[in-house]
Amino acid sequence: MLNSTRNSASSDVMPPLLELRNLSTHYVSASGSRVVRAVDDVSLTLHAGDTVGIVGESGSGKSSLALTLLRVLPPAGRIVSGQMLLDGDDLVPKPENEMRRIRGKKIGMILQDPMASLNPLFTIGDQVGEPLREHEGASRSSAWKRAIGLLKSVRIPSPETRVTQYPHEMSGGMRQRIVGAIGISCEPRLLIADEPTTSLDLTIQLQYLNLLRDLQKEHNLGLIFITHNLGIVAKMCNFLAVMYAGKMVESGPVSQVFNNPAHPYTEALLSSIPRMTENRRRLTAIEGQPPDMSNLPPGCAFAARCPRAFDRCRTEEPPVFTPAPGQTARCWLVAPESRATGAVS
Amino acid sequence: MKQFIARRIGYSLLSLLLLSLTIFLFIRLTGDPASLLAEPGASAADIAAIQKKFGLDQPVWYQYIYFMGNLLRGDLGESFYYQTPVLELYLSRLPNSLLLASVAMSFSLLLGIPTGILAAVRVGRFWDTVGKFFALLGLSLPSFLVGLLLILFFSVYLEWLPSSGSGGFLNLLMPAFALGWYFAAAHMRLTRSSMLEVMGSEYIKLARLKGLPEFKVIAKHAFKNALIPVMTLAGINLINMINVAVVVETVFAWPGIGRLLYEGISFRDFPIVQGVVIIGGSMIVAVNLLVDIVYAFVDPRIRLEA
């Protein structure tokens, strides 16, 4: 993971591919009485060619973050504050018709379920070529030809016959590669993959991950990889962001976070990965349940499950600290004053 | 699968047998047709002669077996009043019924599908509420009331449309509306729920993620998928429409099968009533049987239930 130490000189000149500043998305119930802070004050920077892995339990706000980036939230969802800068251009205030020209064109997305994400009534060629026709005004025949090329690039055998077929004629792994082909069809700058391999079996998973990585290198994509599998993060990503109850509780270069997790939640996640080398160690699970998102406790949301929580954690919410250069954590344990009173000088 | 189909066919035949028995007995409760067919003041001997002519002097069980025997040979008997074979009468009225049902069906689809889509796209908003109200009225207002109100308004007050009869396109409008409203409401509700289900699917999400405008997402990706169950229902309903138009055809004096049945009942013309009910019943049973079998081919879980 040496490439995580980026060329900082160039990033000073060029704006990063994507920069999230204090982004918050809330779901408000119809009566307005229940508010779920699905994404809460999230900041993140992503450069072209980088892969950031976003991990967290179900309901931690990972997928809401992805939907926020493309502004395709369900009706109850609202971006309440913050900025999303794509190449320095804020997406939050953009009108819907401009946002539409960004979806599928500058930002591609791969959904979780390959069996359900293709329309059963249209041919593969039609569905893969659709973004080209929409965004680049490609004719039916040229979109069709380019769809064949795209299928080839996602390693689908005999793409000339596959384009004329329907989704039910394909296997799950093939369908997910087709969804990937749709994601990259307009050569986006940024690709968001929301648990793209969860429904594939292990050998197909590995193939798919290799494919995504090759595509990323080839097109110098920024890749946001949403997963709950830290093993995949280690393989795919150079930057890691951990979400808990809508907040980004820790972020940093993958090797650094894996070796020196600053947040007890990250630590707990890491110790719950089975390792081949330590087969005698019992697998540790994180005690307790994730909190009720519409009724969060005061202080740190993880405090109730945290083995190292102290009084301040239950009353006061920790701000973002920087335990090491490039690494952030929302935890009182890494506050400069706690470290000063502890063993660290 | 073979066993499933055999059992379904068995049930269907049993339903038809029960239907024939029921209609045969119930129509005889309406009274003696001979007293209506004979001239007023006819002698008891004349009436007895008419009864003998139509076999009404025989015991009911004998009449039934005789009737069923003929039925199995495809003979529905002869009308007491018209003195012509029931099948011939039926077939002469069928085109009118088909015309009315087709227009009513087109109307119900042209109205039901777009309003259903609108209600689904604007779920919980103004147009959804309007659509729900329209559907509720359509499903709950009896068609004779709708028919009479239409006649009152468009024929009596406005004098725009002929109140009854057949012949021109204008004659079709009110009966088609009165017959089609109920079905428009049913098609609207199914389109709405089917559309809502489709709109929540992953491929609709992907269509939006491709950057398609909302109109294309709905018109291309959602519409076609949502239409499949609606077309199934519409096919079954077309058969139903031919057979349930009795009230509407009577109100508007439309010379279709429904009106034939009404005439049969009022003249105590037993063969007509029996014939129309059994043909209609067979159509409905056949369509349901077909749907059951097709579903069993499509969905393996249904086969297991049998």
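Predicted model: local features only at pLDDT ≥ 70, side-chain atom pairs only at ≥ 80, totals over all residues.
Residues are numbered from 1 along each chain as its sequence is written, while chains are lettered from A and ligands numbered from 1 in the order in which they are written.

Ser81(A) counts as partly exposed because it has 14 C-beta neighbours inside 10 Å. For reference, a residue is buried if 20 or more other C-beta atoms lie within 10 Å of its own, exposed if 12 or fewer, and partly exposed in between, with C-beta atoms placed from the backbone. Setting aside neighbours within four places in sequence, Ser81(A) is in contact with Asn22(A) and Ser24(A); a contact requires C-beta atoms, placed from the backbone, within 7 Å. Ser24(A) is 57 residues away from Ser81(A) along the chain, yet their C-alpha atoms are separated by 5.3 Å.

Now to the core. The largest nonpolar core has 151 residues, and Val52(A), Leu151(A), Ile192(A), Leu240(A) and Val242(A) have the most contacts inside it. Such a core is a set of buried Ala, Val, Leu, Ile, Met, Phe, Trp, Tyr and Cys residues joined through C-beta atoms within 7 Å. Helix H8 (residues 169–199) of chain B gives the most to this core, with 15 residues. Beyond its neighbours within four places in sequence, Ile192(A) is in contact with Ala66(A), Leu69(A), Ile107(A), Met109(A) and Ile224(A).

Chain B has 14 helices and 0 strands. Some overall values for this chain:

| Property of chain B | Value |
|---|---|
| Box filled by C-alpha atoms, along the principal axes | roughly 85 × 60 × 25 Å |
| Buried residues | 34% of the 306 residues |
| Contacts with a separation of 6 or more that join residues 24 or more positions apart | 73% |

Finally, the two chains meet: 14 residues of chain B are in contact with 20 residues of chain A. On the chain B side, helix H9 (202–209) and helix H10 (214–244) each supply at least two residues, and H9(B) provides the largest share, 6 residues. By class, this side of chain B has 5 nonpolar, 4 polar and 5 charged residues, with Ala, Val, Leu, Ile, Met, Phe, Trp, Tyr, Cys and Pro counted as nonpolar, Asp, Glu, Lys and Arg as charged, and the others, Gly among them, as polar.

Notes: Helix = DSSP H or I, 4+ residues; strand = E, 2+ residues; numbered from the N terminus.
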